[in-house]
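I am opening a notebook on a structure that is new to me. The entries below follow the order in which I looked things up.

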Amino acid sequence: MSPSPSATRRRVAVVGTGAIVGGSHLPALRAHSDRAELVAAVDLDEGRLDDFRELAGGDVAGYTSVDAMLDAVRPDLVLIGTPPSLHREQTVAALKAGAWVLCEKPLCLSLAEYDDITAAEEASGAYASVVFQHRYGSGAVHARGLITSGELGAPRVAHCQTTWHRDAAYYAVPWRGRWATEGGGPTMGHGIHQYDLLLHLLGPWAEVRAMAARLVHDTESEDVSTALVRFENGALATVVNSVLSPHEVSRIRIDCSDATVELTHLYGHRNEDWVYTPAPHVASERAAAWTTPAADVPSSHTAQLGALLDAYDNGVRPPGSGPDARATLEFAAALYKSAFTGAPVHAGEIAPGDPFYQAMHGDHPHWAPKERA
Ligand SMILES: NC(=O)c1ccc[n+]([C@@H]2O[C@H](COP(=O)([O-])OP(=O)(O)OC[C@H]3O[C@@H](n4cnc5c(N)ncnc54)[C@H](O)[C@@H]3O)[C@@H](O)[C@H]2O)c1
């Protein structure tokens, strides 16, 4: 008898063996070791590669070239944790080799690159998804169910806050804070997690008006951005993405007609981080049923990898890929376009031929000097 799909261990390779792969993808692989087997690792830096292989243990083949690894190993799934400017090329190479991909955020640097990846998906039949781990914790799954089912009433107004702190040493890493290598500042690199979750909870956005500035750091891109957003369902929201905030917090608050839902955390959430406050007209028995069920799945790479392996077993498009993840990147592009041009940006307007389709900075590679503090 052939094994059931879930009894099959998928052969996994990691590309880039730095902080996020060692610290988050490796624990996720260990947590799913009954379904996924790490067979290969790639890094240009042989010292990092050796350290990672030692940390991983077992029989993990090492490579310094993605193409050589793909040729030799033919993995089922490739996890990518390299700097963002490499994501498109490495994702496309893995798709061409028939592998599914789970790539770190941002999946790529522009909508043009995203559409290249979509074309490679269509040619290969494999899928590329992006790490947005905060969607997958049980608190987020539960909140989304309550909001999308209408149980909390109509969404009216929301706040989405990523107020973090990064120092000069953080930005001394050459790929950070540069358009060509990170794609932008906290809009692309930090706040993207929180507003991805906001979009996941509230559905399609319709219009963005934004400002951005470089106030503190010696970067090319912004170190703070703010946006006003109108959603298709009529709700309004504010979004703040900052790496210059001494008191760090990640927060989402959504006021619906029957309840306020609030999430407060920093780099990951658990059930206890979600609070529901009923409107005065809501009966207490109804509100009592909103509490997140006891099984507590923290938002994590482990939770997202589980969802991806489920999709692989079922041969269906994984969550966090295709049009769904594109909406988050399009939101980033709209925020930048509005910040650079001073005009509102509508969903769907950034198309081929628009400079903001090609790059997050459009044709403005540097902020004007007056925007420096
Ligand atoms: N999901 C999250 O919460 C989260 C958190 C931190 C970082 N990230 C993302 O993870 C990615 C990596 O960040 P990091 O902090 O781990 O960086 P890092 O610098 O620690 O690791 C990157 C690794 O890629 C390797 N590398 C560079 N060029 C390569 C190439 N051509 N082929 C193979 N390997 C190559 C480097 O040697 C290094 O080991 C970024 O996209 C970042 O935005 C995500």
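**Entry 1: Leu 95**

I started with Leu 95, which is found in helix 4 (residues 87-96). Helices here are DSSP runs of H or I with at least four residues, strands are runs of E with at least two, and both are numbered from the N terminus. I noted that the model is predicted: local features need pLDDT of at least 70, side-chain atom pairs count only at pLDDT 80 or more, and totals for chains, interfaces and linings use all residues. Residues are numbered from 1 along each chain as its sequence is written, and side-chain values use heavy atoms, with hydrogens and water left out.

Is Leu 95 buried or exposed? Leu 95 has a relative accessible area of 0%, so it counts as buried. Buried means under 20% relative accessible area, exposed means over 50%, and partly exposed lies in between, with a 1.4 Å probe and protein chains only.

I then listed what Leu 95 is in contact with, leaving aside neighbours within four places in sequence: Val 101, Ile 117, Ala 120, Glu 121, Ser 124, Ala 126, Tyr 127 and Ala 128. Contact means heavy atoms within 4.5 Å.

**Entry 2: Glu 121**

From that list I picked Glu 121, which has its place in helix 5 (residues 111-124). Its relative accessibility is 6%, so Glu 121 counts as buried. Not counting residues up to four places away in sequence, Glu 121 touches Leu 95, Ala 126, Tyr 127, Ala 128 and Arg 317.

**Entry 3: the parallel sheet**

Strand 5 (residues 100-103) and strand 6 run parallel and are joined by 3 bridges. Two strands count as paired if DSSP finds at least two bridges between them.

What is the order of the strands in this open sheet? The order of its 6 strands is 3-2-1-4-5-6, and the pairing is parallel. Strand 3 (61-63) and strand 6 (128-130) are the edge strands, each pairing on one side only. I noted an average twist of 25° from one strand to the next. Helix 11 (residues 301-314) packs on this sheet, touching strand 1 (10-15), strand 2 (36-42), strand 4 (77-80), strand 5 and strand 6, and its direction makes about 165° with that of strand 5. For such angles, axes are lines fitted to C-alpha atoms, for helices over the stretch in contact, and values run from 0 to 180 degrees between N-to-C directions.

I looked next at an open sheet of 8 strands, with mixed pairing and the order 13-12-11-7-10-9-8-14. Strand 13 (274-278) and strand 14 (345-346) stand at its edges with a single partner strand each, so one side of each has no neighbour in the sheet.

**Entry 4: helix 9**

Helix 9 (residues 192-202) lies across several strands, including strand 7, strand 8 and strand 11, and runs at about 0° to strand 11. How many residues of helix 9 are buried? The count is 11 of its 11 residues. Among them are His 193, Asp 196 and Leu 198. Just after helix 9, Gly 203 takes a positive phi of about 90°.

**Entry 5: core and domains**

The largest nonpolar core has 107 residues, and Leu 198 and Ile 254 have the most contacts inside it. Such a core is a set of buried Ala, Val, Leu, Ile, Met, Phe, Trp, Tyr and Cys residues joined through side-chain atoms within 4.5 Å. Helix 12 (residues 322-341) gives the most to this core, with 10 residues. The core lies between domain 1 (5-133 + 303-318) and domain 2 (135-297 + 327-358), because both give residues to it. The domain bounds come from an automatic or database domain assignment.

I also noted that 18 residues of domain 1 are in contact with 22 residues of domain 2. The domain centres, taken over C-alpha atoms, are 26 Å apart.
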